[in-house]
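Colleague: Could you take me through this model feature by feature, giving the general idea of each before the particular case?

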Amino acid sequence: MQLDAVFEGGGVRGIAFVGALLEFEKEGFVWNNIAGTSAGAIVSSLLAAGYSGKELEGLMREFDCLALTRRRGLAKIPLIGVIVNLWIREGMFTGDYLIDWMTEKLKKKNIYTFDDLPQGKLKLIASDITHGKMLVLPDDLKMIGIDPRTFPVAMAVRMSASLPMFFEPVVLKHKNQKTYIVDGGILSNYPVWLFGDNPRSQYPTIGFRLFASEDVSPYEINFFPDYVSAMVKTMLHAHDQRYIDHQHIKHTVMIPTQGISTAQFDLSMEERDMLFRSGQGAAQQFLRNIITLRKNGKTS
């Protein structure tokens with residue numbers, strides 16, 4: 001059975017999606033159109049490129065989260081470097097590792113630009129803060145004078161996953177005008193509406209969403225970078241808690257995040273395994289519910 005899939009943003013916790021994907025693939029499900037925001041954009045793009053759930057498991061375990069916080073140039077200055085970089089380049093870290101890693105992994109599947117994918121196969125969400133608009137990539141790139149089909153998929157992922165203030169925004173230039181692009185999560189962290197409200201789609205849409213506990217350990221704030229970190233984490237945690245209407249929740253796999261935060265870049269292997277198993281468990285429960293409904297003569 002073919003499904004459309006939508007993956008929420010969630011920072012380093014995205015490995016939980018892979019555990020869930022494996023369970024669906026074990027039951028014979030395959031993926032048609034795919035969409036995602038931020039961490040969901042990473043998983044979505046690799047899935048659209050042709051990686052299986054099992055292959056993604058290996059990729060997510062090798063992904064070096066700490067490399068996302070590598071410093072360059074002024075950011076290397078002791079103590080104040082990241083603050084200087086934030087002031088001058090609008091982000092504490094470059095995000096170079098992500099785009100380099102994505103480029104390498106997509107290249108192995110011969111995917112470079114959106115033209116290498118079936119039309120409409122992949123949709124990613126980003127935020128255009130120059131014009132105050134949400135972007136659905138690649139389609140909306142034409143609004144800023146860029147050919148959607150020739151745009152690199154890895155760069156679109158980098159745009160969607162640009163956590164504000166943590167990572168430098170992506171700056172696109174067209175006719176001497178700069179457009180600043182940041183994380184899609186600030187406008188639509190869970191874009192389930194992309195396929196779910198499309199009457200032309202013949203495939204059911206399944207959403208994969210991270211669910212944080214109501215209880216969050218206090219963020220320690222001593223210096224400005226701590227303040228920035230706490231502010232972004234709070235904003236993204238609010239996304240985890242927001243209401244999902246009945247129309248969408250019955251098609252959503254809710255994955256507990258086990259107390260792990262969005263920007264916890266120093267994930268241990270044990271924490272990665274815990275997230276992976278959480279995704280597996282949530283998918284197993286979701287699939288059991290579907291089987292129960294079918295046995296009772298109901299539909300989801």
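This is a predicted model: local features need pLDDT of at least 70, side-chain atom pairs count only at pLDDT 80 or more; totals for chains, interfaces and linings use all residues.

Colleague: Which helix holds I83, and which residues form the nonpolar patch on the surface?

Modeller: Helices here are DSSP runs of H or I with at least four residues, strands are runs of E with at least two, and both are numbered from the N terminus. I83 is found in helix α4 (residues 81–89). A patch is built from residues with over 30% relative accessible area and no salt bridge, joining like charges within 9 Å and nonpolar side chains (Val, Leu, Ile, Met, Phe, Trp, Tyr) within 5 Å. The nonpolar patch here consists of I83, I221, F224, Y227 and M231, which together have about 430 Å² of accessible area, a value from the Shrake-Rupley method with a 1.4 Å probe, for which only the protein chains shown count as cover of residues. Helix α8 (residues 224–241) gives the most to this patch, with three residues.

Colleague: Which residues of α6 are buried?

Modeller: They are V153, A154, A156, V157, R158, M159 and S160. Since these make up seven of the eight residues of helix α6 (residues 153–160), the helix is largely enclosed by the rest of the structure.

Colleague: At what angle do helix α3 and helix α5 pack?

Modeller: In general, two packed helices are described by the angle between their axes and the distance between the axes. The axes are lines fitted to C-alpha atoms, for helices over the stretch in contact, and the angles run from 0 to 180 degrees between N-to-C directions. Helix α3 (residues 53–62) and helix α5 (residues 96–107) pack at an angle of about 150 degrees, with their axes 13 Å apart. That makes α3 roughly antiparallel to α5, on a scale where under 35 degrees counts as roughly parallel, over 145 as roughly antiparallel, 65 to 115 as roughly perpendicular, and the rest as oblique.

Colleague: How many salt bridges does the count come to?

Modeller: A salt bridge is a side-chain nitrogen of Lys or Arg within 4 Å of a carboxyl oxygen of Asp or Glu, and by this rule the count comes to eleven. One of them joins the side chains of R209 and E8 (3.5 Å, N to O). R209 lies in strand β9 (residues 205–211) and E8 in the loop between β1 (2–7) and α1 (15–26), so the pair ties together parts that are 201 residues apart in sequence; both R209 and E8 are buried.

Colleague: Which salt bridge does K105 make?

Modeller: The side chain of K105 meets that of E62 (2.7 Å, N to O). K105 lies in helix α5 and E62 in helix α3, so this pair ties together parts 43 residues apart in sequence. K105 counts as buried at 4% relative accessibility, while E62 is partly exposed at 44%.

Colleague: What stands out about the backbone, for example at the bond between L137 and P138 and in the phi of N176?

Modeller: Most residues other than glycine have a negative phi, and most peptide bonds are trans. A cis peptide bond joins L137 and P138, with omega about 10 degrees, and P138 lies in the loop between β5 and α6. N176, although not a glycine, has a positive phi of about 65 degrees; N176 lies in the loop between β7 and β8 (177–183) and counts as exposed at 86% relative accessibility. Q258 likewise is not a glycine and has a positive phi, of about 55 degrees, but Q258 counts as partly exposed at 40% relative accessibility.

Methods. Residues are numbered from 1 along each chain as its sequence is written. Side-chain values use heavy atoms; hydrogens and water are left out. Buried means under 20% relative accessible area, exposed over 50%, partly exposed in between (1.4 Å probe, protein chains only).
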